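Visitor: Please show me the structure, and then let us go through some questions about it.

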Amino acid sequence: MRTDVPTCRLDERVGEVRTRPRAAGWSLAAVVNDDRVVLGLLEREALEGAGDTRVESVMRPTPVTFRPHHGAGEAAEWMRSRGAEGALVTTSDGVLLGFLWRDDAERAAAREPAA
């Protein structure tokens with residue numbers, strides 16, 4: 001899991017946000033509140049949109065998240081079956097912990113002991 005996920009707020013403009021993910025090598029940003037609770041996901045297409053657009057109007061609300069207790073195999077299988085590149089990882093209260101890329105989940109799953 002990567003913990004350096006770029007973040008933004010609902011009231012920010014896309015033009016204010018887009019440089020953060022790009023500078024860090026990301027193509028997305030987690031939309032969070034002041035307590036880092038995940039509210040949405042700003043994906044590549046939205047980041048490339050009009051700079052004066054508010055994040056709130058172009059984010060994907062309620063993105064799928066995983067909890068830390070989910071095994072890598074379970075996460076990898078879910079992502080594979082849906083064609084997802086990755087997913088946010090949060091606490092049970094929705095606080096952002098990081099992002100798990102499918103490739104990383106698949107590598108970790110290969111190292112998990114067989115059930």
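Predicted model: local features only at pLDDT ≥ 70, side-chain atom pairs only at ≥ 80, totals over all residues.

Visitor: Which element gives the most residues to the lining of the largest pocket?

Guide: The largest pocket has a volume of about 300 Å³. Elements that give two or more residues to its lining are α3 (44–47), β6 (86–90) and β7 (96–101). Helices (H or I, at least four residues) and strands (E, at least two) are DSSP runs, numbered from the N terminus. With 3 residues, the element that gives the most is β6.

Visitor: How exposed is Arg-36?

Guide: Most residues other than glycine have a negative phi. Arg-36 has a positive phi, near 65 degrees, and sits in the loop between β2 (29–32) and β3 (38–42). Buried means under 20% relative accessible area, exposed over 50%, and partly exposed in between (1.4 Å probe, protein chains only). Arg-36 is therefore partly exposed, its relative accessible area being 33%.

Visitor: Is Thr-62 buried or exposed?

Guide: Thr-62 is not a glycine, yet its phi is positive, about 45 degrees. Its place is the loop between β4 (60–61) and β5 (65–66). Because its relative accessibility is 71%, Thr-62 counts as exposed.

How values were computed: Residues numbered from 1 in each chain as written. Heavy atoms only, no water. 1 Å grid on protein atoms, 1.4 Å probe; cavity = no way out; pocket = protein on both sides within 12 Å on 5 of 7 lines; lining within 4 Å. Points joined across faces, edges and corners; volume = space filled by probe spheres on them.
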